[in-house]
Each structure stands twice: as structure tokens, then as C-alpha cells.
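Please open the structure in your viewer and keep the selection tool at hand.

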Amino acid sequence: MAATSDPTLEQWQKKLSFLPYNRELDLRFGELTERGCILRLPYRPELIGDPESGALHVGAIAALVDTTFGYAVHRRLSERRGFATLDLRIEHLQRSTAGQDILCVGDCHKLTANVAFVRGSVYHDDPGAAIATAVGIYMFTGGATPMAARETE
């Protein structure tokens, strides 16, 4: 995915970079979709979980999935609402490949008054060759998001 000068993507990247953890992982917006988004986790040696193969740590992959899914929910909302991860299930299908960035697509396919349902996958360059698949449920908390407070300053 090439870098873009799309102002909308730049705004979403600012929202993503608001949280120090996301900045530490260097998560990047790749694309906005109709019901979600795609985020990229750049490959870095300090994120390796298996020194023998060079595969990234599954904790870094889980953080990518949870963040992607959260932003997929955020993208679908017509108003700012706080929410939290209620359930996140990840099926790791294969190791990541050393030296390659990882992408995650999140599709928020159902919203109710109290919860949001998201599904997606993790891959390198080909969405059809998943490293992992995942589903998540996010519960609305009723409070404002930290980003919403920051955006009004």
C-alpha cells in the first residue's frame, strides 16, 4: 500500500496516534472501508516473538487486531460513544514471515444499541492467505471516548 495524502486517512491516522501504545507499535492506517478499516503493523525486530523464525510475537498481532477492530467500530458510529472489548477470539493459522509487515482488516458487520460485532483477518500482502482470523464483540459503555474529549480542545 503506497503512502497517501488523503486528508481523511490523515485524520484517522491522527486519531490512531493519539494513544501512546499505538505510537509505540507504529500502527498505521492503510485504508478505510465501508464498514471498517485496514491497519498495518510494520515489521520491527523488537516485536519478534520467535527468534528462530523471526515471526512477530502473537501479542503484537493481538494488539493489531484489537486496535483495528476498535477503529472499525469507531468508523461505523454516527456519534462519539465509548466502548470496550467484551470478547476477542483470534485463530492463529500460521506464523508471520520475518521481515514482512502485517495488515489487519476489520469489518464491523453489526451494530446494536449495546454491542458491536466485528470480524476480520490478519495477512501480509494477500488477504486470501490469512495468518490469523478473528471475531470480536465490543460493548458500549455510555461514556465519551478519550479521543472525543481531545478533539474538542
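Select His 124 together with Ser 96, Thr 97, Gln 100, Asp 101, Ile 102, Leu 103 and Ile 131: leaving aside neighbours within four places in sequence, these are the residues with which His 124 is in contact. The model shown is a predicted one. His 124 itself is found in the loop between strand 7 (115-123) and strand 8 (132-140).

Is His 124 buried or exposed? Its relative accessibility is 11%, and because buried means under 20%, His 124 counts as buried.

Now display the polar contacts of this residue. The side chain of His 124 reaches the backbone nitrogen of Thr 97 at 2.9 Å. A second polar contact, of 3.3 Å, runs between the side chains of His 124 and Gln 100.

Next, select helix 1, which covers residues 7-17. Colour Leu 9, Trp 12, Lys 15 and Leu 16, which are buried. Then turn to the face directed away from the buried side, where the exposed residues Pro 7, Gln 11 and Lys 14 are carried.

The remaining stops concern salt bridges, of which the structure holds 7.

Select Asp 107 and Arg 35, whose side chains meet in a salt bridge at 2.8 Å, N to O. This pair links distant parts of the chain, 72 residues apart: Asp 107 belongs to strand 6 (residues 102-111), and Arg 35 to the loop between strand 1 (28-33) and strand 2 (36-41). Arg 35 is partly exposed, with a relative accessible area of 30%.

Proceed to Asp 50 and Arg 95, where another salt bridge is found (3.3 Å, N to O). Here too distant parts of the chain are linked, with Asp 50 in strand 3 (residues 48-50) and Arg 95 in the loop between strand 5 (83-92) and strand 6, 45 residues apart. Arg 95 is exposed, at a relative accessible area of 57%.

Finally, select Arg 89 and Asp 87, which form a salt bridge with the closest N and O atoms 2.8 Å apart. Arg 89 counts as exposed at 55% relative accessibility, whereas Asp 87, at 25%, is partly exposed.

Key:
Residues numbered from 1 in each chain as written. Predicted model: local features only at pLDDT ≥ 70, side-chain atom pairs only at ≥ 80, totals over all residues. Heavy atoms only, no water. Salt bridge = Lys/Arg side-chain N within 4 Å of Asp/Glu carboxyl O. Helix = DSSP H or I, 4+ residues; strand = E, 2+ residues; numbered from the N terminus. Buried < 20%, exposed > 50% of the residue type's maximum accessible area, 1.4 Å probe, protein only. Polar contact = N/O pair within 3.5 Å; in protein donor to acceptor, adjacent residues only side chain to side chain. Contact = heavy atoms within 4.5 Å.
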